[in-house]
Amino acid sequence: MERILVIGCSGQIGSELTLELRKMYGDSNVVATDIRPAPADILESGPFEILDVLDAGKLQLVCEHEKITQIYHLAAILSGNAEKRPMPSWDINMHSLFNVLEITKALKLKKIFWPSSIAVFGPTTPRMNTPQYTIMEPNTVYGISKLAGERWIEYYYQKYGIDTRSLRYPGLISYKTEAGGGTTDYAVEIFYEAIRRKKYTCFLSSETALPMMFMPDAIKATVDLMEADSSRLSLHSSYNVAGICFTPHALGMEIKKHIPDFEITYEPDFRQVIADSWPDRIDDNVARNDWGLTYEYDLPKMTEVMITEIRKKLG
Ligand code: NAD
Ligand code: AKB
């Protein structure tokens, strides 16, 4: 029987992934944790504990007491916020990963999931159809921490035989929980502002193309990777996943199909430089070939669901 620990269950991904894992493994077998309270549906459907992942002692106690077999470690400081507080963000992103890797080794857990990001790429990386293996010179605190993290999880796989699995998520779009301080957050904020005020001032320029993915596709990719037989995985660092590629202008046009008087204006801020260093479009053939990565949502389908669900949410 699998016993799963989710670290960072109250965030954009954790608030949805935890519920999916509870459906798969049983509510009581998925222990949700975060440094802040969880959403009501997580609190009501299964176990939850306040846990600071930097507290290695408590992390070990929870893993032992709950007989944990797998960890999903989602706690991190994302790109925009990390640029505002570089050293504490580096500490949280790296120190938390080492705590999880060391406990996985000490308790001989079966496997861990730790997400990487398109932020591992940098200004010298080829921007179009960015390959799995390519030049990687990230120039953000967040990107450097993700690239270092990829190297460390690969190291623990090679050196200690720990089954580490990871995806380089693009910008994730969802309606349940607000995005957590990243550069791709405009693609979530825009929907709320379009529905509330019919206008949005974007912090990136109109033609800034970035890879993005709708949350149901991200959740499916995550559980598919974690469920895949290890013999199918050619790498234990992190897989490229592409999702959909669009610009703020293209997203604005798609929203206008549903809200014809929606207006978008542009006032790029410090996040423009970060976005300019990331790829436009990713090549995800290694993930497709190894474990069958697929997507369901394109830009129109995702936009339709986002507008319908956020209208319901805002009443
Ligand atoms: P988020 O900021 O929404 O959620 C992170 C959660 O971690 C928060 O609930 C926060 O309270 C918690 N947390 C922070 N510090 C903690 C600590 N010390 N101990 C315990 N919990 C702590 O982030 P997210 O968008 O859900 O991202 C989850 C992971 O996926 C991160 O590693 C992130 O880098 C990665 N990722 C996210 C995206 C995206 O677009 N959302 C894209 C690429 C990669
Ligand atoms: C961010 O913008 O920081 C995240 C990411 C792509 O990692 N959404």
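## A tour of two ligand sites

Begin by selecting Thr183, where a backbone N or O atom lies 2.6 Å from an oxygen atom of ligand 2, a polar contact in the sense of a pair of N or O atoms within 3.5 Å. What you have open is a predicted model, in which local features need pLDDT of at least 70 and side-chain atom pairs count only at pLDDT 80 or more, while totals for chains, interfaces and linings use all residues. Residues are numbered from 1 along each chain as its sequence is written, chains are lettered from A and ligands numbered from 1 in the order in which they are written, and side-chain values use heavy atoms, with hydrogens and water left out.

Taken alone, ligand 2 exposes 250 Å², of which the protein buries 93%, the accessible areas coming from the Shrake-Rupley method with a 1.4 Å probe.

Next, show the whole shell around ligand 2 (residues with a heavy atom within 4 Å), which consists of Leu78, Ser79, Ser117, Ile118, Tyr142, Gly182, Thr183, Thr184 and Trp278. By class, this shell holds four nonpolar, five polar and no charged residues, where Tyr and Trp count as nonpolar and Gly as polar.

Now colour by domain, using bounds that come from an automatic or database assignment: domain 1 covers 4-171 + 214-240, and domain 2 covers 174-212 + 243-280 + 298-314.

Move on to ligand 1, which is surrounded by 25 residues, the closest being Gln12, Asp34, Asp52, Tyr142 and Leu172. Select Asp52 to find a polar side-chain atom 2.9 Å from a nitrogen atom of ligand 1, then Arg36, whose polar side-chain atom lies 3.0 Å from a ligand oxygen, and finally Ile35, where a backbone N or O atom is 3.5 Å from a nitrogen atom of ligand 1. On its own, ligand 1 has 830 Å² of accessible area, and the protein covers 93% of it.

Definitions and conventions. Polar contact = N/O pair within 3.5 Å; in protein donor to acceptor, adjacent residues only side chain to side chain.
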